Amino acid sequence: MNSNLTICPMQKEHVPAVSRLEQETFSMPWSAQDFLDMIEREGALYIVALYEEQPVGVCGVINACGDGDICNVAVAKNWRGRGVGRLLLSTLMEWGRKIGIVNYTLEVRVSNVAAIRLYESLGFQKEGIRPRFYEKPSEDAVIMWKRQAEDGQITMSKPEKSCYTEIV
């Protein structure tokens, strides 16, 4: 089914729904206050995928001297497998250039094969293991990096508008 999605920076009014999505997705979710803090934090960029003005996906990045730490990649269960995660990450990495991010890193549960495949398809490479990084249940994390010096490209061009609609 094709649907119109709008990708835009996360705003305060998105936080209650994003917080619910986070709770549905992760065993140790961030609080609504954590997301509000990220909206205000210098060097942080959080974006949402909206369907009929409601968040169906979220992801964010924190810029640390040109390295972007990607956090909170979450897509509503009924939207998974439809390209929303790929669209969010591609947009996030492209928009991250505007705040000076050159390289990207993230952690993912070793058991989350679908996410690992998505990240690899976007150019991320496994570079290490972070033992017992996750709790509830305890699990190692794969550390992945996408270093721009290796390929010089991200994955898509940034639209000129601050929000745009994509058919997925």
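Modeller: The chain's secondary structure comes to five helices and eight strands. From the N terminus on, the elements run β-α-α-β-β-β-α-β-α-β-β-α-β. This is a predicted model, in which local features need pLDDT of at least 70, side-chain atom pairs count only at pLDDT 80 or more, and totals for chains, interfaces and linings use all residues. Residues are numbered from 1 along each chain as its sequence is written, and side-chain values use heavy atoms, with hydrogens and water left out.

Colleague: What makes a run of residues a helix or a strand here?

Modeller: Both are DSSP runs, numbered from the N terminus: helices are H or I with at least four residues, strands are E with at least two. Helix H2, for instance, covers residues 32-40.

Colleague: How much of the chain counts as buried?

Modeller: Of the 168 residues, 44% count as buried. Buried means under 20% relative accessible area, exposed means over 50%, and partly exposed is in between (1.4 Å probe, protein chains only).

Colleague: Why is Ser19 called buried?

Modeller: Ser19 has 6% relative accessibility, and the cut-off is under 20%, so Ser19 counts as buried. Ser19 is found in helix H1. Leaving out residues up to four places away in sequence, Ser19 touches Trp30, Ser31, Ala32 and Phe35. Touching, or contact, means heavy atoms within 4.5 Å.

Colleague: Which residues of H1 are buried, and what covers them?

Modeller: Val15, Ala17, Val18, Ser19, Leu21 and Glu22 are buried in H1. Their cover includes H2, strand S2 (44-51), strand S3 (54-64) and strand S4 (67-75).

Colleague: What is the angle between H1 and H2 called, and why?

Modeller: The axes of H1 and H2 come within 9 Å and cross at roughly 125 degrees. Under 35 degrees is roughly parallel, over 145 roughly antiparallel, 65 to 115 roughly perpendicular, and the rest oblique; so H1 is oblique to H2. Axes are lines fitted to C-alpha atoms, for helices over the stretch in contact, and angles run from 0 to 180 degrees between N-to-C directions.

Colleague: Is the crossing of H1 and H2 left-handed or right-handed?

Modeller: The crossing of H1 and H2 is right-handed. Val15, Val18, Ser19 and Glu22 of H1 make the contact with Ala32, Phe35, Leu36 and Ile39 of H2. By class, the residues of this contact divide into six nonpolar, one polar and one charged. Ala, Val, Leu, Ile, Met, Phe, Trp, Tyr, Cys and Pro count as nonpolar, Asp, Glu, Lys and Arg as charged, and the others, Gly among them, as polar.

Colleague: What makes H3 oblique to H4?

Modeller: Helix H3 (residues 84-96) and helix H4 (residues 113-121) have axes that come within 11 Å and cross at roughly 45 degrees. That angle makes H3 oblique to H4. H3 passes H4 in a right-handed crossing. Gly85, Arg86 and Leu89 in H3 meet Leu118, Tyr119 and Ser121 in H4. This contact of H3 with H4 has three nonpolar, two polar and one charged residues.

Colleague: How do you know that Lys12 and Glu40 form a salt bridge?

Modeller: A salt bridge is a side-chain nitrogen of Lys or Arg within 4 Å of a carboxyl oxygen of Asp or Glu. Between Lys12 and Glu40 the N to O distance is 3.7 Å, so the pair qualifies. Lys12 is in the loop between strand S1 (4-9) and helix H1 (15-25), Glu40 is in H2, and the two are 28 residues apart. At 51% relative accessibility, Lys12 counts as exposed, and so does Glu40 at 55%.

Colleague: How many salt bridges are found in the whole structure?

Modeller: A search finds six. Among them is Arg130 with Glu107, whose closest N and O atoms are 3.2 Å apart. Arg130 lies in strand S6 (residues 125-134) and Glu107 in strand S5 (residues 103-109), so the pair ties together parts 23 residues apart in sequence. Arg130 counts as partly exposed at 31%, and Glu107 is partly exposed at 22%.

How values were computed
Left-handed = near helix turned anticlockwise from the far one by under 90°.
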